[in-house]
Amino acid sequence: MTETAKRSLRAGLRWTSLRLRLVVVFALVALVAAVSASGIAYWLNREAVLTRTQDTALDDFRRQMQDTAAALPTRPTKDDLQRAAGEMASSSPGYSVLLVAERERGKPIVGYSDLDTFTRSQVPDSLQKQVARKQPLSSSNEHEYHLFWQRTSIAGTPYLVAGTRIIGGGPTGYMLKSLDQERQDLNSLAWSLGIATALALVGSALLAQAAATTVLRPVQRLGDAARKLGEGKLDTRLVVSGTDELADLSRTFNRTASSLEKKVADMSAREEASRRFVADMSHELRTPLTAITAVAEVLEDEADTLDPMIAPAVHLVVSETRRLNDLVENLMEVTRFDAGTARLVLDDVDVADQVTACIDARAWLDAVRLDAERGTMARLDPRRLDVILANLIGNALKHGGSPVGVRVRTEGEELVIEVRDHGPGIPEDVLPHVFDRFYKASASRPRSEGSGLGLSIAMENAHIHGGDITAANSPDGGAVFTLRLPRDAGRIAQNDEPGAGAPGEDGAT
């Protein structure tokens, strides 16, 4: 999967996640609102239904007690109680009645409207005690006995149980009213409210989806435009419509993109002009510099025959001329890298022989210790490898401390060359910049023998091979530069343009 595809996938996941969060928030709000409204509606309807049924049953039972039970004799018989209970239950269908009286003190008799439905054992003891308790009379209470009721459950069915006693010595009556119909009605209401809640939840999810689409589509377009801008498509712009915050954000993005495009264009133009100036200057300097170098070499050969007062000046001119020649060559090499015209000229080389030749050509044999096994072959550009090694070893000798060690080894299909010195090492704040162009560790010494391009050119030559160079400090002291190159750089050269690698396209450094 390409990096662009991965970024698109991550962006899609983020977009989906935000949409999901919006839908979840909308759904939770709708769920809370719907459940709260349904709960309140259910509770209000439940109380209304039960209160209405309860009040109707209690009023009718109180009236029946006054009209029928109160008409019984003080010492009624069981048949009297049975008949009166039956009349009370038949005149008001929907509840059962039982009447309790005393034939003699301590000998109660009971009359049932329906023995299979309602018996005295089904009356809660707490209710019987309340019904039998005589209330003290006062200005606010004119009756000794009151009507009491209680909701209970018998065999899983809800019931309303009520009881009262006839004042003046009459019987005690109890009523049992089934609330099963009301429970069924309330269950139907609960199901209806549940369905309404589910529909509200679905509706809120659809509404959230629509809202998320409305909000996230501009955000997605903005994200796509930002990715294109990050990929270098600086002419990317958004179509702006509306006056909301997202429209303001789109306008801000367009202004930012326009400003960035202008600044990048200006910087590119200045960089191109600077690169062209360096290239032109380098080429223009080569001709006079060649003549100056030739004259300087002649003067150097005749230095012994010149006036002793003039000889030091001649040596200084020769030294500075060579330094200027190296600088011009380095600038031309940098120009080729910047222009993309630097190419590899590959050959099969023995790395140990190549390193030895580099050290020997510069008379560093006494100052460098080589640890390399002959026969380590690699397909590289010998000249560019020589440039890399010359810069790394020369830098170690100049800024580190002798002896400088060079170690060559292989790791799989990779060639590793370590150059280590025994100097003070590289300051930590300098390490990230050692391969920068014209960078020098000490700002107080802007002029030195080096041009500040050597390590940068070494890094460019490593990159063109498909390798890299890293710099670090050894725990035992000194700096360590590690060069890693593929043992076969042919696959890098194959990706170059046709004709790349022709010797005439590349100059010597």
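Helices are DSSP runs of H or I with at least four residues, strands are runs of E with at least two, and both are numbered from the N terminus. This is a predicted model, in which local features need pLDDT of at least 70 and side-chain atom pairs count only at pLDDT 80 or more, while totals for chains, interfaces and linings use all residues. Residues are numbered from 1 along each chain as its sequence is written, and side-chain values use heavy atoms, with hydrogens and water left out.

Q: How many helices and strands does the secondary structure of the chain come to?
A: The chain has 509 residues, and 36% of them are buried (under 20% relative accessible area; exposed is over 50%, partly exposed in between; 1.4 Å probe, protein chains only). Its secondary structure comes to 10 helices and 12 strands.

Q: What share of the contacts with a separation of 6 or more comes from residues 24 or more positions apart?
A: A contact means heavy atoms within 4.5 Å. Among contacts in the chain with a separation of 6 or more, the share from residues 24 or more positions apart is 63%.

Q: On which side or sides of α7 do its buried residues lie?
A: Helix α7 spans residues 351–361, and its buried residues are Val351, Ala352, Gln354, Val355, Cys358 and Ile359. Their arc around the axis is only 165 degrees (taken from the directions from the helix axis to the C-beta atoms). That arc puts them on the same side of α7.

Q: Which residue caps the N-terminal end of α7?
A: The buried residues of α7 pack against β6 (347–350), β7 (368–371), β8 (377–380), α8 (382–399), β9 (404–411) and β10. After the helix comes alanine 363, with a positive phi near 60 degrees. At the N-terminal end, a side-chain oxygen lies 3.1 Å from the backbone nitrogen of alanine 352. The capping residue is aspartate 350.

Q: Are the planes of phenylalanine 435 and phenylalanine 481 stacked or edge-to-face?
A: Rings of Phe, Tyr and Trp (its six-membered ring) pair if their centres lie within 6.5 Å; planes under 30 degrees apart are stacked, over 60 edge-to-face and the rest tilted. The count by this rule is one aromatic pair. The centres of phenylalanine 435 and phenylalanine 481 are 6.1 Å apart and their planes are at 85 degrees, so the pair is edge-to-face.

Q: How many residues apart in sequence are the parts that phenylalanine 435 and phenylalanine 481 tie together?
A: Both phenylalanine 435 and phenylalanine 481 are buried. Phenylalanine 435 lies in the loop between β10 (414–420) and α9 (454–464), and phenylalanine 481 in strand β12. The separation in sequence of the parts they tie together is therefore 46 residues.

Q: Which residue's backbone oxygen lies 3.0 Å from a polar atom of the side chain of glutamine 128?
A: Glutamine 128 lies in helix α3 (residues 125–132) and is buried, with a relative accessible area of 17%. Leaving aside neighbours within four places in sequence, glutamine 128 is in contact with Arg120, Val123 and Tyr174. The backbone oxygen 3.0 Å from its side-chain polar atom belongs to valine 123.

Technical notes:
Polar contact = N/O pair within 3.5 Å; in protein donor to acceptor, adjacent residues only side chain to side chain.
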